[in-house]
Amino acid sequence: MKVRTLLPLFSVLLMLPFTTTRAQPNFVPDRPGLGDGSYILQPKITYLESGFEYFEGGAVDQFSLGQVLFRHGLVPGVEMRVQVNSFIIETRPLDNETGVPDPGLGLKFDLLDQQDSCFQLSGMGSVSVPAGYSPFTDDRWHPSAKLIADYDLTEGCCWTFNSNLGYTLGPGETSITTITFTPGFAIPETNYGGYFGYAGFLKEQNSEHFVEAGLTRMVDHALQLDINTGYDLNNGNSFVGLGLAVRF
């Protein structure tokens, strides 16, 4: 199955009518995209972010159903994150595999967020929990840390720039350094936005260098829909996905 056979899915959001309803500035999901945003949820606010992805990796194709992330504001400047992850169906030439990767727990917190400033900086610490199902569990705890920066390039946040710098500790040579550079935009007088950029996952062997892009539609103050895609310049792998984010 090729990614191009799923491209008609991209028309789902594009065919929806544009409206002049502007998105609420305090509803800021982390999806879509391979990076995270610096925005911290207010206390007692909860987001559910979820989606579907098809990943084409040469002889191996993978379907991810779920991509579930719960975010909850704990206290001012701190949010809790529970990464439930996905149910994965992996198809190979000789056999198929199904399972659930290890979930994760984390905290995201403000480092710099001054009123009327165009720049916001956050930190995030997380750990994977060896509670997944074979063959996708690693059976190890993997801690990670990340710096997340956002900068408003234009007045009114029509153009923004997001960047992530992260490190995941693994045994031996399996540690991963993550770098993302992602310009984002909001289409004036509509409820549509988008992004494009680079996401690098640097390892001792088989590093990944993705170019990615996506489109979002803010349905109302508590529901966002998205479509997203990416291509690995190093390995030739690609993905396409759909998702949503809900605020409670």
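**A strand residue, the overall fold and the salt bridges**

I begin with T178, which lies in strand β9, residues 176-186. Strands here are DSSP runs of E with at least two residues, helices are runs of H or I with at least four residues, and both are numbered from the N terminus. Please note that this is a predicted model, in which local features need pLDDT of at least 70 and side-chain atom pairs count only at pLDDT 80 or more, while totals for chains, interfaces and linings use all residues. Residues are numbered from 1 along each chain as its sequence is written, and side-chain values use heavy atoms, with hydrogens and water left out.

Is T178 buried or exposed? T178 has a relative accessible area of 11%, so it counts as buried. Buried means under 20% relative accessible area, exposed means over 50%, and partly exposed lies in between, with a 1.4 Å probe and protein chains only. Leaving aside residues up to four places away in sequence, T178 touches N164, L165, G166, G200 and F201; a contact means heavy atoms within 4.5 Å.

Let me now turn to the whole chain. Of the 248 residues, 42% are buried. Among contacts between residues at least 6 apart in sequence, 50% join residues at least 24 apart.

I come next to the charged side chains. How many salt bridges does the structure hold? There are twelve, a salt bridge being a side-chain nitrogen of Lys or Arg within 4 Å of a carboxyl oxygen of Asp or Glu. One of them pairs R71 with D30, with the closest N and O atoms 3.8 Å apart. This pair links distant parts of the chain, 41 residues apart: R71 belongs to strand β2 (residues 60-75), and D30 to the loop between α1 (11-14) and β1 (46-57). R71 is buried at 0% relative accessibility, and D30 is buried at 8%.

R71 also forms a salt bridge with E79, at 2.8 Å from N to O. E79 is likewise buried, with a relative accessible area of 0%. These residues belong to a network of salt bridges that links D30, D36, E49, R71, E79, R81, K108 and K146.

A further salt bridge joins D138 and R140, whose closest N and O atoms are 3.3 Å apart. Here D138 is partly exposed at 32% relative accessibility, and R140 is partly exposed at 41%.
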